[in-house]
Amino acid sequence: MKARIKFQKYGSMKFIGHLDVMRYFQKAFRRANFDNEYSKGFSPHQIMSFAAPLGVGLTSDAEYLDVSLLSSDEPSTMVEQLNAVLTEGFHIVEFHPLLEPEFNTKVVTAMSLVASADYLVSLKDGYQVSDSIRTQEDFKKAFQSFFDKQEIVIGKKTKKSEKEVDIKPMVTLFAFDEKEYREKLKATLLYPESPGGAAAKKPQSVADVYENGIKLYLQIDTGSSANLKPELVMEAFYEEQAASVGADLEPSFEKFAWQVHRLETYTRDPETGKLANLNQVPR
Amino acid sequence: MRKLALSDEILLTVEKPARYIGGEVNMQVKDPAKMDIRFCMCFPDVYEIGMSHLGIQILYDIINRREDTYCERVYSPWVDLDKLMRERNIPLFALESQDPVREFDFLGITLQYEMCYTNILQVLELSQIPIYAKDRTEADPIVIGGGPCSYNPEPIADFFDFFYIGEGETAYDQLLDTYKECKKAGKSRKEYLEMVAQVEGMYVPAFYDVVYKEDGTIESYTPNNPHAPEKVMKQVEMNLSEAFYPTRPIVPFIKAIQDRVVLEIQRGCIRGCRFCQAGMIYRPTRERELEYLKKCAYEMLQSTGHEEISLSSLSSSDYSKLQELVYFLIDEFGSKGVNISLPSLRIDAFALDVMSKVQDIRKSSLTFAPEAGTQRLRDVINKGLTEEMILGGAMKAFQSGWNQVKLYFMLGLPTETDEDIEGIAILSDRIAREYYTIPKEERNGKVSVNPSTSFFVPKPFTPFQWCKMETGEGFIRKAHFLREKMNGQLNRKSIKYRWHEAKLTELEGVLARGDRKVSKVIYDAYKAGCLYDSWSEFFYYDRWVKAFEENGLSIEFYNCRERSEDEVFPWDFIDTGVTKEFLLREYKRAKGERVTPNCRQACVNCGVKHFGGGVCYEKDIEEPKEADTDEGKN
């Protein structure tokens, strides 16, 4: 059987890269006595796949990992067993059993499902956006006018060349506080009434909170067909600031100044075009 | 949530930030505010190497069993972070609490190889602890050294408050209890060290004076403090079966060198190879109980989630219940995807059976360590491996499907001639020839024979401690000579020969048998930028040579000199149990090309019997005979 595990990654674990997270979970499953399925051959390994690998430096409320198991217990027991062997910075939110693939169809990987993700981008304390942007109000105004442009073209590097891309259509939502974000979010969701399953089960966000209060909620295309990183949106914002105010007055994008936190990872419903959490689909 | 000592900016700039954040599986968590004693354990090399070391894990667990003490860890920051810490004046911190090391009561540094000595100074300096012990105040941690290199601590004696000579299981409780009492009674650092000096196995360098002769050798070595003994007896844990074993080792986030459970099955070695320091200082050989090991294996795999278990010992094949243990591990864990690795295994029918079960034959290679190319020289070093055994073992393996062979040799062994060196090429070729005697349709493609040579370094407390060592140029000449001979072999295309760095070996020789005068050289080399010397990309030979010259010392004095029988060695104040008389006897037998039986065949009266256990008291071992001890007869 297959199951999709949803977990949070936070605190100092943001410094652990994707491959090491994979090794971490392999060992965690063994400690939790999970009945993992192994590949055949002389160096058998657990069959597992991640939905959308998280970059180093980012934290998350919604990482998804698919595993193949030979047997399993009640989902709540599985969550408890696994949480009991994890260290600070990893927390299992849900164990979501998946249905077998339909007759005559291929197995869908979690990775191929991913279409979009929500992010919270916060300014870390001890940094400032720029000399003219000191408060969340300043930031809100500046970002709003940046986004009001017809198009937002950035140079995007691929393996072969650098090409110009308009990223504006890839940003499907932005907001400046949680209430606004929750409101706007509803319109994009396939199941707006039960975000992340039953409301009672929804865990507290593990995103770091900063005193300066400068932050931005984003929903952007993520995955194999179209992929945008929150850092690129911020970089484009800084470039625009520099162009309008004068390059020598405004600081360029500082990647250490902003903490990027993933709030949710979605798949897109082909019929309605609406988004569903990866643990809201049956397979 | 845990606070980190380094900022996001630094951690996201340096390579592998996981080296510095702690928080790993099985890390000990305690409240520092509630502790009487804070101990920081250090392995002076990069995290991935240090984390792989079993000894530290054992000590970490032993010390943390105490409720009044928090033992934490620190490793050498990599060069990228080293630079940032100096620029920004960030003090080195322990991984667990992320608190500065200088606030601790103790800093314990393990000394596993000589080439990490500059890293010790790095750890001290970055911790903002005075490098020289004499400059430390009551506010600084007590700096302790331990591990194999503490069997000649003299080259680094000036940097340590005291050394713990021997096995760590025995005396830490006493040292920490004493410390607690001293702290309560308001006693000084010096008063504490005076009490330490009275504990067996402890060596406080400041309490000893060395007087040198005109030729640079030692005239005398005398205690200058009434509490310091003349001889320091090594600590040895005689009851390994009940000795504590860390069943919850720490599991790093990043891949360490040993990404597996390590199970120490025995300590010491019965073989008595004359070049091997471990084979002498860990005497007597002591085995752990089979049932105890089974239990440890189970618990460690469960607590770590590792997918591999490795048996650790100097010579696994000599563990008396090896077959039972290995088959247990295969039966119990093999089906659960646990890989079993068995280093230092003699190639015989059992080994081949086990290897075929746990490894992919097509990908794995056989390893032999003949160490020398001719039987004559193997007799000199007392390596009981014959050509017949090697060829026989290789042939059996070839017939079972193997086609890769690794061979380890040393160049520069005492009495070595060109013929011995050429013997390495001939033996390599013979193994390949053996392979091609198998009919073409029955063999598995081409054979690949991979001989490699390291350069011999005479070590303290071995029968070769009196020996002259080869020079750097001499080593290179020998390696080139051997390469030429390899190229002259029939099967040269199947042989791939590699050799080690010669200049590094030269330096290792000095640090291994050096005296206190070398301390200043290490200090100057470090100040000139030497760090991570064992990493070839950071090894600056010229800076070391300059440091020797500026201090009026010569590498030749330490390496290229046959020492006389009555010379006082810098390490003579240590008593390992193995007597100097025995070592000298062995040296003479080596020169006479005479082999000495191993501990299970006959007792040759090396001196460790008084420890009261281990292989010395197994049944059916012959008592020392006159023939074995008398110089005149064979």
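Which side chains meet in a salt bridge at 2.6 Å, N to O? They are those of Asp8(B) and Lys14(A). A salt bridge here is a side-chain nitrogen of Lys or Arg within 4 Å of a carboxyl oxygen of Asp or Glu.

Before going on, a word about the model. It's a predicted one, where local features need pLDDT of at least 70, side-chain atom pairs count only at pLDDT 80 or more, and totals for chains, interfaces and linings use all residues. Residues are numbered from 1 along each chain as its sequence is written, chains are lettered from A in the order in which they are written, and side-chain values use heavy atoms, with hydrogens and water left out.

**Where the chains meet**

Across the interface of chain B and chain A, the rule finds 5 salt bridges. Helices α1 (8-11), α9 (290-304) and α11 (349-358) of chain B each give at least two residues to the side that touches chain A; helices (H or I, at least four residues) and strands (E, at least two) are DSSP runs, numbered from the N terminus. In contact terms (heavy atoms within 4.5 Å), 34 residues of chain B meet 28 residues of chain A.

Together the two chains bury about 2500 Å², with 59% of it on carbon and sulfur atoms. That buried area is the accessible area (1.4 Å probe) that two parts lose on being put together, summed over both. On the chain B side, Met1(B), Leu12(B) and Phe253(B) lose the most area to chain A, together 25% of what that side buries.

**Inside chain B**

Back to α11(B): Phe350(B), Ala351(B), Leu352(B), Val354(B), Met355(B) and Val358(B) are buried there. Buried means under 20% relative accessible area, exposed over 50%, and partly exposed in between (1.4 Å probe, protein chains only). The buried residues of this helix pack against α10 (322-333), β14 (339-341), β15 (366-371) and α13 (387-399) of chain B.

Strand β14 is also where you'll find Asn339(B). Leaving out residues up to four places away in sequence, Asn339(B) touches Val358(B), as well as Glu307(B), Glu308(B) and Ile309(B). Pro77(B) is 262 residues away from Asn339(B) in sequence, and the two are 32 Å apart, C-alpha to C-alpha.

Another asparagine, Asn598(B), sits in the loop between α20 (580-591) and α21 (626-629) of chain B. Apart from neighbours within four places in sequence, Asn598(B) is in contact with Ile270(B) and Arg271(B).

Here's how exposed each asparagine is:

| Residue | Relative accessible area | Class |
|---|---|---|
| Asn339(B) | 30% | partly exposed |
| Asn598(B) | 11% | buried |
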